There are 4 protein chains.
Amino acid sequence: MPGGQSGWLRGLTGDQEIADLFSDQAQFESFARFESALISGLAEAGLIEPDAASELERRILEFTPDENRIAAAAVADGIPVPEYVRQLRQALSGPGSKLVHFGATSQDLTDTATVEALLRVIDITSARLDLLIADLDALQARGGNRTLKAITRMQEALDIQASGRIRIWRDPLKALSERVPSLRLETGKLQFGGAVGDLQALGGDAGTVAATIADKLGLDWPGSGWHTARRPLMACAGWMTELSAALGKIGQDVAMMALRGSADIGLSGGGSSSAMPHKQNPVTAERLVALAQFNASLTGAMHQAQIHEMERSGTAMTLEWMILPQICETTGNALLAGRELIGSITRIGHES
Amino acid sequence: MPGGQSGWLRGLTGDQEIADLFSDQAQFESFARFESALISGLAEAGLIEPDAASELERRILEFTPDENRIAAAAVADGIPVPEYVRQLRQALSGPGSKLVHFGATSQDLTDTATVEALLRVIDITSARLDLLIADLDALQARGGNRTLKAITRMQEALDIQASGRIRIWRDPLKALSERVPSLRLETGKLQFGGAVGDLQALGGDAGTVAATIADKLGLDWPGSGWHTARRPLMACAGWMTELSAALGKIGQDVAMMALRGSADIGLSGGGSSSAMPHKQNPVTAERLVALAQFNASLTGAMHQAQIHEMERSGTAMTLEWMILPQICETTGNALLAGRELIGSITRIGHES
Amino acid sequence: MPGGQSGWLRGLTGDQEIADLFSDQAQFESFARFESALISGLAEAGLIEPDAASELERRILEFTPDENRIAAAAVADGIPVPEYVRQLRQALSGPGSKLVHFGATSQDLTDTATVEALLRVIDITSARLDLLIADLDALQARGGNRTLKAITRMQEALDIQASGRIRIWRDPLKALSERVPSLRLETGKLQFGGAVGDLQALGGDAGTVAATIADKLGLDWPGSGWHTARRPLMACAGWMTELSAALGKIGQDVAMMALRGSADIGLSGGGSSSAMPHKQNPVTAERLVALAQFNASLTGAMHQAQIHEMERSGTAMTLEWMILPQICETTGNALLAGRELIGSITRIGHES
Amino acid sequence: MPGGQSGWLRGLTGDQEIADLFSDQAQFESFARFESALISGLAEAGLIEPDAASELERRILEFTPDENRIAAAAVADGIPVPEYVRQLRQALSGPGSKLVHFGATSQDLTDTATVEALLRVIDITSARLDLLIADLDALQARGGNRTLKAITRMQEALDIQASGRIRIWRDPLKALSERVPSLRLETGKLQFGGAVGDLQALGGDAGTVAATIADKLGLDWPGSGWHTARRPLMACAGWMTELSAALGKIGQDVAMMALRGSADIGLSGGGSSSAMPHKQNPVTAERLVALAQFNASLTGAMHQAQIHEMERSGTAMTLEWMILPQICETTGNALLAGRELIGSITRIGHES
């Protein structure tokens, strides 16, 4: 989590709305949806009576796990699912309850929970992104016809319209927005492979069960598990990091414009200095650059985590858990900062 | 260049066929194609007589620059184009020769040359990739029905068919192969923005000139320059690094299978040891892991290079020049190593 | 913070004892110590009466800031100090109270607070490290004379004594332990540079004031500020990451030994599987590898944050705040995991 | 190798003097020195007659290997040493020739060759560093008393003397220079562990042989091999990357000063633009930033390569071979660029 234990740093670099999507509660609710949908799939395959299945599904969705015991067990097990399933099984009884988790494996639940969280993150970030694009359109409308000195290789080049610079801020954001539908498809994959990835426990019923789970969860069933092939996660990490880089570019530009002075830009607000009361620092612009660089490092770390050995890698999974939520929070925060920054521009360029 | 100055290391980790695509000669030929196509575009816009244009284009394509003088000037200029253009202008005369490079800027040439090189790299790597997929299909045919012990979290799990492990090697490669057409579209963009990115020198003729250049070079004209918005490069870097990661996963698995012994895999060849003549080391498998990790770091570096400040960043461009050819060579070498490795598998799994 | 908002993941990868050293409360207590020591220094230089100074110091140390208002202001200011100082000034009155923060700047407080936290982290981690070395000595005593198959390049090589492998685990840890005294010296530097790094507001009194602050805080005064020269932080980040890598190597080895089977190692505990009750996964060993790789990425990010432009970089500071606490927590957690892992070894190697 | 196959890019970002230290020829000469010193050690231990040893040593040092055959074999063996030793053994005959390479392993030769190259790189870079510090002293002498506007968080702060900014450029360089003696000690370690790291083939003679080799090569014998404990390499990588970051900071500052204009700095030379003849781009300053960021990524990659599994990791060694020479070249080039840049400053600050 960007910002760690420090409240002020979390306020500056974190994103609570997004962090909540990766909370214990959110993840365990995903687990429940998965286990419930699995029962539905087993019923579809004729392994449980429909009525017993409905009853089980209801009770699974109502089940409240003991988070503290799961946290303790997760250290021993390296993953929270075994204890979650132990608790769930203990809480259930009656016809079919022996079939809870049948055919599934821990990673099926954690990966699917991650996918569900990422889809929500995409919802949130793409909505903010579209608002930011609208902010830039408004800036374009009110200041695009003013004049700026273009800067190439850190030197004044020629005069341009402010619209030119606003365009190079907006174009990559618009392109990222247009990639959202395909991103949702690439990321929204049900994970379901069972103990060793081949759904062998379900035999000929595997396809039916998988399709039912996917349908219930509103995810795509890619035809087989992807325990070691992580494109759904990488597509999302890549998109977010390109997005935070596009925002970092705006931050870098605004910081340099603020350095050059009032012929380039006017900003309201601005950070105060403890030592120099006259200063108004472009701190939100600086923050955007820091967030972009942080995400660049995290996505590099995601690439490092892409070698999942054999049928399941505890090491690589653990890395992904540590990295992905931070990429999401960082991107979410950057979007908020980007909107703040554009909104604080009181003047861009000068009269030509 | 992976492998540096050392011949043996280049043999082990480099890829000469791909390195040649980034050689001075290859780049300067790209420059010539760009400058020639630009003349064609200026003619289309009525700025040069068609006959004069044809003559100029011919002479541009025939021009041989002095590479040593360009190398020397590139240190002073931070980019090779100004000296290339000086030499080219000096070599030309007659009607229209004053219009050489008119409306263009150095980065238009270097970026377009990079795009041309990357498209060739995609040709080479995707062809090798398809051969590797065929190699895996052949392995599937001859050994897929044998038995392996699945390994999850570094422990024996259940028996699987060898086909299961071969599938998790092949699936991501197949998916990467299927992304090639869209990758070509994302990467194959003409760069053309002129001095400050807005093609202002060409006024109303900009669209005509740009479309003509793109047509001549077989590239897509995205409607504006992308001096600071680097998706065409990032799409390619991402694809290559995901590809080398998928190969690294195969390498990691084979190395672990070799560690577990002959019930898992038999390999022909294998590295000799200077101290222990009895050993046959799975060095190609190890190499694949190293190449994957190297590319992961380089792609992290590409993400770091994504903040191109203002209208043109010399810093970020220089970083991209240093990184991208290495990603390409590393990926190319990994594909060769992957084919070697699969070809060296004499036996996978055991009779069930 | 490794582990983000999720409780189970924090348990698995975080370290609350270390996280607390970077909490708001811990940082604001550091701020108070700094501001108090500064008053002492100003008194030493004759700028405040000794009695007034004592009274002020006492009240500064007793002051409790409003953390929520600081968190809110930190978003606007990009740093928590201006609001902290505003609140502190408001809470004080009487002789000398106008001199609170005189000559200092925000970064002096945040950097010194970071240094104080890092020194405590070094205390904690080096104590754990020495216990881990003792654990390895105990393992050596009980199993060192047994026999292992050495593995080079993923192949069986020759027989070795288990003591050989334990030695290659222990040697780098011992070397890291021996570096602690010099690390404390490199990291334990007072930050004090004032508004623009040259302590100009204090004129000829700067040396006296600085030496007094350093003395009060038990830090070394390097003779000038280091707002942009970050060796004190890099020395610490480097040491921690080399430490977590040394632990990751142990984890990797144990995971591979567990894969090879009982002739190599016996482990008690071990993670349970939700799908395969017979398994005992070496999850702590895997965790150590993940933590090492995570820290490697974070230290790479610290290197990226080393270009602090001009007299003060808000961007680079923000990055450091985001990265350093995570490196510390990750290292702390890895040490705990390392001790767990060594303690869980019931048997190493076999009778020769 | 930074700059790959392209001549102009190598001129811009590479360093031929340093690249040559990692050439085949340089490495094979190191191999010969090692094998010759080993014979001397075996003689010291009484395993070869002194006269036979002298004759063998002479012939080993005179031996010229076939580089092409080594390059070809290195692909199969994953390391060049087995073929080098095969050729060497074939070239030798007579008393004692059977003992060539006795007790040693391939990694002993490659690591020791790397250490020898790194010590030479430290010689070259530290000499350049001291010249650069002198350049800064000269700049201090001629311009230190002029006035600059301090810039904190991208905003004008207060006036400072130019000496203040020159000091924050020079201080970290001076500190890095002062670390050179300890760096030489940390890096200058003989690698000698034999087949599985315990020198078992040499029995009780191991210490004598090792001490003799170290003495002959002018290296320190740390008492055991360090096949998997890579502090000698990491110390060097860390120092170089901190050095290039210190240079990158100077580059960043100068580029920003050039952006701010002539009240801050005057530069002679400067890059020409193909499109805007009036421009003089601070391309050397930009280059320094790019080199620093590149090295940051490479050192992150070195940290990733620090998990050497079991008694020898082919994967991690290969990564180190790919990364370290590039870090050295990048640092060497940055020092040359730094001197160019400081030498090109015609004016700093303004009259107060």
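**Notes on the model**

1. Let me start inside chain D, where Glu116(D) sits in helix H7 (residues 106-143); helices here are DSSP runs of H or I with at least four residues, strands are runs of E with at least two, and both are numbered from the N terminus. Glu116(D) is buried, at a relative accessible area of 13%. The term buried stands for under 20% relative accessible area, exposed for over 50%, and partly exposed for what lies in between, with a 1.4 Å probe and protein chains only. Beyond its neighbours within four places in sequence, Glu116(D) is in contact with Ser30(D), Arg33(D) and Leu217(D), where contact means heavy atoms within 4.5 Å.

2. A word on the basis of these notes: this is a predicted model, in which local features need pLDDT of at least 70 and side-chain atom pairs count only at pLDDT 80 or more, while totals for chains, interfaces and linings use all residues. Side-chain values use heavy atoms, without hydrogens and water, residues are numbered from 1 along each chain as its sequence is written, and chains are lettered from A and ligands numbered from 1 in the order in which they are written.

3. Still in chain D, Thr284(D) belongs to helix H12 (residues 283-304). Its relative accessibility of 12% makes Thr284(D) count as buried. Leaving out residues up to four places away in sequence, Thr284(D) touches Ala337(D), Glu340(D) and Leu341(D). From Thr284(D) to Thr331(D) there are 47 residues in sequence and 14 Å in space, C-alpha to C-alpha.

4. Now the interface of chain D and chain B. Here 66 residues of chain D are in contact with 66 residues of chain B. The buried area is about 5,200 Å², with 64% from carbon and sulfur atoms; buried area is the accessible area (1.4 Å probe) that two parts lose on being put together, summed over both. There are zero salt bridges between chain D and chain B, a salt bridge being a side-chain nitrogen of Lys or Arg within 4 Å of a carboxyl oxygen of Asp or Glu. On the side of chain D that touches chain B, the elements giving two or more residues include helix H1 (7-13), helix H3 (24-44), H12 and helix H13 (314-343). By class, that side of chain D has 30 nonpolar, 26 polar and 10 charged residues. Nonpolar covers Ala, Val, Leu, Ile, Met, Phe, Trp, Tyr, Cys and Pro, charged covers Asp, Glu, Lys and Arg, and the others, Gly among them, are polar.

5. What about chain C and chain A? The contact takes 66 residues from chain C and 66 residues from chain A. Between them, chain C and chain A bury about 5,100 Å², 64% of it on carbon and sulfur atoms.

6. Finally, the cysteines. The structure holds zero disulfides over all chains, with a disulfide taken as a pair of cysteine sulfur atoms within 2.5 Å. Cys328(B) is in no disulfide, and the nearest cysteine sulfur, in Cys236(B), is 5.6 Å away. Cys328(B) is buried, at a relative accessible area of 1%, and Cys328(C) is buried, at 1%.
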